[in-house]
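Biologist: Thanks for sitting down with me. Could you walk me through this one, a question at a time?

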Amino acid sequence: MNATITLPKTDFAAGETISGVVSWHGSQDVRTAEVRLFWQTQGKGSNDVGVAAVETLDLPGPSGQREFSFVAPPAPPSFSGQLISLVWGVELVLDPGGSASQNIVIAPGGKEILLNHPEWLEMDDPSPTKGLQSS
Amino acid sequence: MVLDCGVMGLTFQRGNLTEERPGLVGRFAGTLFFGVFFLAGLLFFFFIGREVIRTLETYSWPNVPAVILSSKVVEEPDEENPYSVSVQFRYTWNGTEQISNRFQRSLQRFADYSSVSSLVAAYPPGHESECFVNPNQPEAVLRHGDLWIGLFALIPLVFVLIGAGGMYGCWSGGKEKKAGPVSDGNRGRGGARWFGLLFVGVGFAVLVFWYLPNTFHGLASFSWVETPCTIESSRLVEVDSDDGTTYRVDILYRYELEGAEYRSNRYKSFPGSSSGRSANQAVVDRYRPGSQSVCFVEPSAPQNAVLMRGLGWEAAIGLLPLAFIGVGLGVFLSGRSKQSATPVLAGPADMDFGSRELKPRVTPLTRFIGMVFVAAFWNGIVSVFIFHAADGWRQGHQPWFLTLFLVPFVLAGAGFLIAVFYSLLSLANPKPVVRLTPGVLTPGCSFEVAWGLRGSAGRLQNLTIFLEGREEATYRRGTDTLTDRHVFARFVIAKAENPLEIAQGSARRDLPKDVPPGFAAENNKLLWSLRVHGKIDFWPDLGEEFEVQVAAAQAR
């Protein structure tokens with residue numbers, strides 16, 4: 001199954017409309033099709049995933065093309081740190097037929113929040129055993 | 001972009017997608033480690049399973065009349081479990097008279113004399129009974145045998161599952177494992193749930209088949225009849241296991257009740273062995289062969305008797321199966337709740353933007369109680385092995401390996417005790433009270449922190465209040481769950497050295513507009529905390545951490 005997601009842009013601020021087109025083409029008759037707006041974490045921790053919105057497509061069939069739209073939620077924003085990154089995405093899920101996904105950014109000003117700002121560390125930890133310990 | 005310093009929501013969510021994989025060497029080492037678990041468990045599971053199947057087969061054998069020719073208790077003092085049933089019976093199969101001496105298909109030995117004597121009493125010479133004949137070969141048994149032994153298969157099954165799960169974990173997971181929709185990553189916690197159920201099963205089996213019957217036995221023995229008895233034999237039995245040698249007293253005594261003579265070797269209600277050789281030897285020495293003593297006999301079943309009635313220290317072991325059940329239920333229920341979790345968006349209605357007194361993440365008292373619990377649990381377990389090692393040295397066995405093996409565990413235990421002492425001293429520190437306005441911070445907006453100290457604030461040399469943002473990533477490595485933390489922001493709010501400013505004050509500052517809001521998923525978190533730190537000479541420093549909510553910035 002060939003599935004694609006087309007987005008005019010990939011950077012969004014909270015409250016903006018995320019709209020695009022999904023299309024699929026194959027020999028199998030697709031029973032259910034969904035477009036999902038989701039986030040997932042990446043990095044050192046075991047991954048967390050959350051689905052913010054789902055749009056179910058009617059009568060999908062073996063091939064088709066549909067428009068979709070979501071409103072970008074306020075949180076969590078896309079961010080990238082030393083241990084964790086949070087990535088938003090739009091995913092087309094076909095059953096049967098698999099899935100296709102496209103990463104996007106949802107953050108203030110449409111820019112991913114970066115956590116590596118040395119100026120944010122205004123002081124050392126006065127009790128180092130508390131702040132940086134592993135367990 | 002103009003920021004609205006009023007409101008906006010943040011998200012709490014869950015789900016689990018992939019694992020970070022260890023390196024190749026780590027995977028092979030892990031496979032070897034878990035492979036030993038797996039194979040050992042499988043081996044014991046096979047032996048237990050084979051016995052259960054052999055017993056089950058006898059249920060399909062036809063039963064025919066039999067006459068008992070002889071029956072008695074056989075004692076083999078060299079065996080760990082010295083007592084067994086010896087029986088001979090006559091039966092007719094295919095028109096031919098046969099004689100068999102198999103009580104049940106596999107020889108069952110007992111440590112408890114009265115268990116065997118009860119079985120012998122049920123099949124006295126001349127008694128007409130039935131036996132079960134193997135139609136495929138000349139083999140007959142009087143009794144099917146016990147199937148409950150199959151429950152013990154759960155124990156090696158735990159090892160098999162740990163081993164298989166560990167080996168699977170070594171080679172599976174990782175980002176390349178992604179299959180199917182990314183947004184389905186929250187599915188598939190059935191394994192942990194079944195593992196939890198297995199724990200419940202093991203705990204329940206131990207509770208029902210071992211702990212409760214022996215507890216009831218011990219409680220009932222308070223009403224049993226005190227009866228004179230004669231000690232026939234008295235010895236210390238060494239029980240060898242993987243954990244070393246333990247000791248069990250085996251005192252066989254004879255007594256009469258209502259004209260009939262009985263024997264028992266049950267010393268107390270909870271059977272079993274313990275590590276203290278000298279304590280067990282003292283019991284054996286107290287009951288010399290040929291000496292007179294008293295035992296306590298169950299009037300309705302005179303073959304049941306004990307030398308010491310009531311519940312011993314073993315009654316406390318009941319906590320162990322309960323702990324198994326508790327842990328198992330916890331794993332089962334947590335797995336279930338995570339499977340059914342649904343996305344939640346916390347909106348403005350969930351938030352309090354007014355002034356708010358902050359709560360500490362962990363109070364000093366909670367920290368102290370937690371440390372006491374950890375230290376007691378750790379040192380309680382280690383002390384058993386220390387006692388075992390000390391007993392070995394007393395006996396002249398020189399258990400060097402065990403002693404050296406215990407050193408790091410003892411040091412860790414000492415560390416826990418120091419931590420208990422440290423947290424105990426911390427209880428006397430002044431308690432900071434912190435009020436935040438607004439109660440939920442917004443990036444790009446200012447906020448005010450007002451503080452006061454309850455207790456002897458004069459002991460503090462200085463006071464620092466700062467806002468800290470940190471990442472917390474939880475991941476699994478083998479069977480361990482680890483959390484790494486990294487601080488990405490530490491904004492100073494106030495520094496005070498003047499006693500009056502230390503005791504009470506307030507400060508205002510702006511939160512940079514590009515900081516992230518708080519985020520808390522199952523394995524990954526961005527946490528914001530207000531930390532209060534104060535230096536105290538010759539005493540544990542004041543260090544409190546208060547949870548702070550930071551909402552997402554909203555453009556206007």
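Modeller: Gladly. Two strands count as paired if DSSP finds at least two bridges between them. Keep in mind that this is a predicted model.

Biologist: Then how many bridges pair strand S7 of chain A with S8(A)?

Modeller: Strand S7 covers residues 79–80 of chain A. A hairpin of 3 residues joins S7(A) to S8(A), and A:Phe79 has A:Leu86 in S8(A) as its bridge partner. The two strands pair in the antiparallel sense, and the number of bridges is 2.

Biologist: Which residue takes a positive phi in the hairpin of S8(A) and S9(A)?

Modeller: S8(A) pairs with strand S9, residues 98–106 of chain A, in the antiparallel sense over 7 bridges. The hairpin has 2 residues between the strands, and the one with a positive phi, near 135 degrees, is A:Gly97.

Biologist: Let's turn to the open sheet of 3 strands in chain A. Which strands stand at the edges?

Modeller: The strand order is S1-S3-S6, with antiparallel pairing. Two of these strands have a single partner strand each, so one side of each is left without a neighbour in the sheet. The edge strands are S1 (2–6) and S6 (63–71) of chain A.

Biologist: By how many degrees are neighbouring strands of this sheet turned against each other on average?

Modeller: Here the direction of the strands is ignored. For the S1-S3-S6 sheet of chain A, the average turn is 15 degrees.

Biologist: What residue of S6(A) stands opposite A:Val21?

Modeller: Strand S3 of chain A spans residues 17–25 and runs antiparallel to S6(A), with 9 bridges joining them. In S6(A), the residue opposite A:Val21 is A:Glu67.

Biologist: Stepping back, how many helices and strands are there in chain A?

Modeller: From the N terminus on, the elements run β-β-β-β-β-β-β-β-β-β-α. Of the 135 residues in this chain, 44% count as buried, and 67% of the contacts between residues at least 6 apart in sequence join residues at least 24 apart. The count for chain A is 1 helix and 10 strands.

Biologist: What is the make-up of chain B in helices and strands?

Modeller: Chain B has 556 residues, and buried residues make up 30% of them. Among its contacts with a separation of 6 or more, 78% come from residues 24 or more positions apart. Its secondary structure comes to 9 helices and 24 strands.

Biologist: Are H7(B) and H8(B) roughly parallel or antiparallel to each other?

Modeller: Helix H7, residues 364–394 of chain B, packs on helix H8, residues 400–426 of chain B, at an angle of about 155 degrees with the axes 8 Å apart. The contact residues divide into 21 nonpolar, 6 polar and 1 charged, and H7(B) passes H8(B) in a left-handed crossing. Angles over 145 degrees count as roughly antiparallel, so these two helices are roughly antiparallel.

Biologist: What is the handedness of the crossing of H1(B) and H3(B)?

Modeller: The axes of helix H1 (residues 24–58) and helix H3 (residues 154–171) of chain B come within 7 Å and cross at roughly 155 degrees. The two are therefore roughly antiparallel to each other. Their contact residues divide into 17 nonpolar, 6 polar and 1 charged. The crossing of H1(B) and H3(B) is left-handed.

Note on methods. Residues numbered from 1 in each chain as written. Chains lettered and ligands numbered in written order. Predicted model: local features only at pLDDT ≥ 70, side-chain atom pairs only at ≥ 80, totals over all residues. Axes fitted to C-alpha atoms, helices over the stretch in contact; angles between N-to-C directions. Helix = DSSP H or I, 4+ residues; strand = E, 2+ residues; numbered from the N terminus. Parallel < 35°, antiparallel > 145°, perpendicular 65-115°, else oblique. Left-handed = near helix turned anticlockwise from the far one by under 90°. Nonpolar A, V, L, I, M, F, W, Y, C, P; charged D, E, K, R; others polar. Buried ≥ 20, exposed ≤ 12 C-beta atoms within 10 Å, placed from the backbone. Contact = placed C-beta atoms within 7 Å.
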